[in-house]
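Visitor: Please display the protein, and then let us examine it point by point.

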Amino acid sequence: QIAASRANGRLRVDRWALGESLALKAVNTSWRWLAESQINVEPITAGLLGGAMRVDGIVTSLPITDISTELSVENLSLEQFAQTLDVPGLRAEGSINGGVGLVGEDGQWRLADGQFVAENGRLQYRGAVANAAVGEQANLAFDVLENFEYDSLTMSLEGVIGADQSARLRLVGRNPAVYDGYPVDLNINLS
């Protein structure tokens, strides 16, 4: 349960660390009381990974039990995102836009119907997994990913934060050094 004073207010934070390598910048929101136990929280905006993040506003009653809202991002740097993942051999260029539903219930947060899109960038993976003994199709995929110039990168995202999550990536583009740059449509499922 969340306890709050009955005063209207505003929150502004210059930098809010979310971990060792990830932080929100210029966080801004406000709230106002509508009734004795009902509060209106305005949209939360912040800078994130060189772009912008927004969480839609909500109207809820206290104590808060269930919340449903939408998180959207605009022009997030894939280069900065790849750095936060700390995956050796992974580099990315471009920016991504999209959104995901945030559903808070029973003390857990769930990601719902996440859809993110990037166009005209580069993805490079030259890590240990790419050099491992894997099947022929996986070897081809890792060859393509060594220098993949994507026309589009789409990602869908679902799951409970801190528990089971899944992501589906679709990469459409080419590696100029593989099959003379023949177009590739690559689908990757992660969980």
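Guide: Helices (H or I, at least four residues) and strands (E, at least two) are DSSP runs, numbered from the N terminus. The model is a predicted one, in which local features need pLDDT of at least 70 and side-chain atom pairs count only at pLDDT 80 or more, whereas totals for chains, interfaces and linings use all residues. Residues are numbered from 1 along each chain as its sequence is written, and side-chain values use heavy atoms, with hydrogens and water left out.

Visitor: How many helices and strands does the secondary structure of the protein comprise?

Guide: The C-alpha trace spans about 65 × 30 × 25 Å along its principal axes. Within it, the secondary structure comes to 2 helices and 13 strands.

Visitor: In which strand is Ser 77 found?

Guide: Ser 77 counts as buried (under 20% relative accessible area; exposed is over 50%, partly exposed in between; 1.4 Å probe, protein chains only), because its relative accessibility is 15%. Buried residues make up 34% of the 191 residues in the protein. Ser 77 belongs to the strand of residues 67-77, namely S7.

Visitor: Which element gives the most to the lining of the second largest pocket?

Guide: A pocket is an open set of points on a 1 Å grid over the protein atoms alone, where a 1.4 Å probe fits, with protein on both sides within 12 Å along at least five of seven lines; lining residues have an atom within 4 Å of a point. The second largest pocket is lined by 13 residues, with Ser 21, Ala 23, Lys 25, Leu 49 and Gln 80 nearest its centre. Strand S2 (23-35), strand S4 (44-48) and H1 each supply at least two lining residues. The element that gives the most, with 3 residues, is H1.

Visitor: In S6, which residue is the bridge partner of Gln 38?

Guide: Strands pair if DSSP finds at least two bridges between them. Strand S3 (residues 38-41) and S6 pair in the antiparallel sense over 4 bridges. Strand S6 (residues 58-61) has Ile 58 and Thr 60 on its covered face, and Val 59 and Ser 61 on its uncovered one. In S6, the bridge partner of Gln 38 is Ser 61.

Visitor: How many residues apart in sequence are the parts that the aromatic pair of Tyr 125 and Phe 142 ties together?

Guide: Rings of Phe, Tyr and Trp (its six-membered ring) pair if their centres lie within 6.5 Å; planes under 30 degrees apart count as stacked, over 60 as edge-to-face and the rest as tilted. The count comes to 1 aromatic pair, and Tyr 125 and Phe 142 form it as a tilted pair, 6.0 Å centre to centre with 45 degrees between the planes. Because Tyr 125 lies in strand S10 (residues 108-125) and Phe 142 in helix H2 (residues 136-145), the separation of the parts tied together is 17 residues.
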